[in-house]
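Welcome! Take a moment to look it over before reading on.

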Amino acid sequence: MRFADIIGQELVVAKLRSLAEQNRLSHALLLLARPGTGGLPLAVAFAQYLLCDAVQDPAPSLFDSKDSHAMPPDSCGTCPSCRKVSALAHPDLHFSYPVISRKPGTPSLSTDFAAEWREFVGQYPYGNDFDWLQSIGAENRQGKIFAAECIDIHRRLTLKSYEGRLKILILWMPEYLEKEGNRLLKLIEEPPLGTLILLVAEEYGEILPTIGSRSQLVRLPPIEAPSIAKALAARCGTEESRAESIAAMSDGSYREALALLQHHEDDWLSVAREWLNAILRNGPVAQVRWVEEISKHGREKQKQFLRYMCHLVEASIRIQTMGATTAGCQGPEADFAEKLNRVAGLGQLQAMAAEMERCAYQIERNAHAKILFLSLSVRLQHILRDNVVLLIS
Ligand SMILES: [Zn+2]
């Protein structure tokens, strides 16, 4: 994986490159990235950059002074080191990540799942911990970074580097380190010479504070929508206007964009139409039927639908405040947004968006879908029909 394979994040790449160039890298770097924004692929690309032959021994340029270290902008992608990192098989690149125990009550190590890990990172680098744990059959079991893994990290990092250069550990999701994580403190503070620890996390607040405070923090922002649209077009062959509209809904997450693309056939627009008709025209029986239908979907899809609705409502708000050309969607979606404007004023649209966001938040926390969607429908009905904007508690 090269920097060129990373979607967006140009500023973070530039920052990492300059830290390396100016020799200002600390022993432990914490990449903080929300799901789908590319923390893991960026860590791999950075490791590849640092281990690349062309970066380790840059060809001297005619104009370099004797001690300047002009480093190439990206790893070469073709040297033996790059090829080994790309295959996730470089002997000096180690990984640790949450796993499940193969046998109940027995701890597992990351290396027990090395083959599955290679496949996961190769195919789905923007996936999150949920995707990973499902891919190894966790179902309802909790993923863990076991105490035995911390001991194994010690062992692996104190081995001599195979190729006599840098040794790198990518520790993905340190949120899963429980108290045992404190065993790693000494290692993070004073790793063996020539060792770099790259922690890749989502939530700073869920990392052991002792670990967070010992690492150099680099935050990844959400990915810009145009970069996501470009990636969808190039990698999935998505048609341009579709890619743009998905990117606008994806909340800066390529993972979310892929999920939206996959569920494109769900035809959320029809679901949205049916819902508003039930709320505005067809009455309680139609509402209950609609709620029954949406409740059959899994939580991920329900959240996606709500995000889609928020996207439409936001388009309406933009049309109302800045004119039709600013909708941010096209075709039937823009029509829908225009129609929504005929039944709702600005305050009503804002109240609707707030209600739907709150509902998505509760779905994430496992609230009962049927009850939530029913109460949401009633609230939207009040907002729309009675022309009364409810105060959001
Ligand atoms: Zn290379």
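Two residues are in contact if their C-beta atoms, placed from the backbone, lie within 7 Å. Keep that in mind as you explore this model, which is predicted.

**The nonpolar core**

- In soluble globular proteins, nonpolar side chains tend to be buried together.
- Here, the largest nonpolar core has 103 residues.
- Those with the most contacts inside this core are A43, A47, I170, L198, V200 and I228.
- Helix α2, made of residues 39-51, gives the most to this core, with 10 residues.
- What does A43 touch, leaving aside its neighbours within four places in sequence? A43 is in contact with L31, I170, L198 and V200.

**Helix α2**

- This helix has 13 residues, and from its first C-alpha to its last it reaches 18 Å.
- That span is close to the 18 Å expected at 1.5 Å a residue.
- Because 13 of the 13 residues of α2 are buried, the helix is largely enclosed by the rest of the structure.

**The sheet**

- Strands of a sheet pair through backbone hydrogen bonds, either parallel or antiparallel.
- In this model, five strands form an open sheet with parallel pairing, in the order β2-β3-β4-β1-β5.
- Its edge strands are β2 (93-96) and β5 (216-220), and each pairs on one side only.
- On average, neighbouring strands of this sheet are turned by 20° against each other, direction ignored.
- Strand β1 (residues 28-33) runs parallel to β5, and five bridges join the two.
- Look for A33: its bridge partner in β5 is L220.

Note on methods. Residues are numbered from 1 along each chain as its sequence is written. This is a predicted model: local features need pLDDT of at least 70, side-chain atom pairs count only at pLDDT 80 or more; totals for chains, interfaces and linings use all residues. A nonpolar core is a set of buried Ala, Val, Leu, Ile, Met, Phe, Trp, Tyr and Cys residues joined through C-beta atoms within 7 Å. A residue is buried if 20 or more other C-beta atoms lie within 10 Å of its own, exposed if 12 or fewer, and partly exposed in between; C-beta atoms are placed from the backbone. Helices (H or I, at least four residues) and strands (E, at least two) are DSSP runs, numbered from the N terminus. The expected span of a helix is 1.5 Å times one less than its number of residues. Two strands pair if DSSP finds at least two bridges between them. Axes are lines fitted to C-alpha atoms, for helices over the stretch in contact, and angles run from 0 to 180 degrees between N-to-C directions.
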